[in-house]
Amino acid sequence: MRRLRNRLAGALLSVLALTLTATGCGGSGATSDAASGAGSGSRAAAAKDSVADRVEPLAKRPEPKLPVTVRSADGEQVTVERAERVVPLSGSLSEIVFTLGLGDRVVARDVTATFEQAAKLPVVTRGHDVSAESVLSLRPDLVIAETTTGPEEAVDQIRAAGVPVLLVEAAGGLDDVGPRIRAVADALGVPAAGTELTQRSEDRITAVREDVEDVSHGDRPRVAFLYLRGSASVYLIGGEDSGAGSLIEAAGAVDAGAASGLEKDFTAITSEALVKAAPDAILVMSKGLESVGGVDGLVKIPGVAQTPAGLDRRIVSVEDGVLLNYGPRTDQVLKSVVAQLYGEDGAR
């Protein structure tokens, strides 16, 4: 989610001239209401979001062995003396810490940490807006952030106060799942748990991918990733490096935006762009779908109804806070996308 916000910044600037307001990426939301406007042909209405609201910690709780010195993604050497009070500054990073079995050490969350175990924690970041004062008031032993976490001044202020800050490379695709888990585990002094969780996560992703391996290249559906915020009249289509391409391809599909030649990460939706992308299905975040009035509202966006996806009302919806996390629950995200694309029985 952090990386998505960073990518969207440039795209939103180009849209601001056409809109009166803009908004960042929302944190959470269930898909049941979002798809309520769908007709009988809608995949979003027929398939329930199968991403669990809880993370699944490792069976054996690891015991951190500290101190450790690790390399932050910005090149800094970070020494972690204690990890009794941990503040992950993104939902994805919180998910990793909790799944490693160390969730009882987390003392705050980002608004995108939407899973059940983190729900009662105080929120110290909303959108791309870290409050250094709020973080420092919790007396953290370790702060874990994305390379796209900001504002930069807030991160610098936390470091200047003497708190170790580990920056982790922002997620861009399935290949980032393992490195991100291991980076967090190493900083927490539980490298063996990181290796175990990486293996479990990658094995589960592989198992889902095997279910769609028999989809021939010519039969692969074209899927367009749309970023929607109806309250701000922001409607964008993802292109190369939108963050969704890896997930779409793993689901046995083709990224319609990238395949149609969209070089920008995100481009304002036009009828021409949608016709050229010609998606067979549309991938959206659940809050985005809800913001435009469900599937009924989505097909009213100029150009959507003229696409194969719009005609068939073939919409794939996944919760905002987990869709592009690329972490321990990504296998569930992928499984949900596959189920909504092809049906629970795998029919294509």
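Me: Ground rule: strands count as paired once DSSP finds at least two bridges between them. Which three strands form an open sheet, and in what order?

Reply: The order is 3-6-7, and the pairing is parallel. Strand 3 (86–88) and strand 7 (165–168) are the edges, each pairing on one side only. Neighbouring strands are turned by 15° against each other on average, direction ignored. Strands (E, at least two residues) and helices (H or I, at least four) are DSSP runs, numbered from the N terminus.

Me: Before we go on, what kind of model is this?

Reply: This is a predicted model, where local features need pLDDT of at least 70 and side-chain atom pairs count only at pLDDT 80 or more, while totals for chains, interfaces and linings use all residues. Residues are numbered from 1 along each chain as its sequence is written, and side-chain values use heavy atoms, with hydrogens and water left out.

Me: Back to the sheet. How many bridges join strand 3 and strand 6?

Reply: Three, in the parallel sense; strand 6 covers residues 142–146. Pro 88 stands opposite Ile 144 in strand 6.

Me: Which strands does helix 6 touch?

Reply: Helix 6 (residues 177–187) packs on the sheet against strand 6 and strand 7. Its direction makes about 170° with that of strand 7. Axes are lines fitted to C-alpha atoms, for helices over the stretch in contact, and angles run from 0 to 180 degrees between N-to-C directions.

Me: How do helix 6 and helix 7 cross?

Reply: Their axes come within 8 Å and cross at roughly 160°, with helix 7 spanning residues 191–210. The two are therefore roughly antiparallel. The cut-offs are under 35 degrees for roughly parallel, over 145 for roughly antiparallel, 65 to 115 for roughly perpendicular, and oblique for the rest.

Me: Which residues in helix 6 meet helix 7?

Reply: Val 177, Gly 178, Ile 181, Arg 182, Ala 185 and Asp 186. Among their partners in helix 7 are Pro 191, Leu 197 and Ile 205. Contact means heavy atoms within 4.5 Å. The contact divides into six nonpolar, four polar and three charged residues. Nonpolar is Ala, Val, Leu, Ile, Met, Phe, Trp, Tyr, Cys and Pro; charged is Asp, Glu, Lys and Arg; the others, Gly among them, are polar.

Me: And helix 3, at what angle does it cross helix 7?

Reply: Roughly 110°, with the axes within 10 Å; helix 3 is residues 91–102. That makes helix 3 roughly perpendicular to helix 7. Ile 96, Thr 99 and Leu 100 in helix 3 meet Ala 193, Gly 194, Leu 197 and Arg 200 in helix 7. By class, there are four nonpolar, two polar and one charged.

Me: New topic. Thr 330: buried or exposed?

Reply: Buried, with a relative accessible area of 3%. Buried means under 20%, exposed over 50%, partly exposed in between (1.4 Å probe, protein chains only). Thr 330 lies in helix 15 (residues 330–342). It touches Leu 174, Val 177, Ile 205 and Asn 325, leaving out residues up to four places away in sequence.

Me: What about Asp 211, where is it found?

Reply: In the loop between helix 7 and strand 8 (222–229). Asp 211 counts as exposed, at 51% relative accessibility. Ala 251 is 40 residues from Asp 211 in sequence, and 8.8 Å away in space, C-alpha to C-alpha.

Me: Last one. Which residue is the bridge partner of Val 284 in strand 13?

Reply: Ser 317. Strand 12 (residues 281–285) and strand 13 pair in the parallel sense over four bridges.
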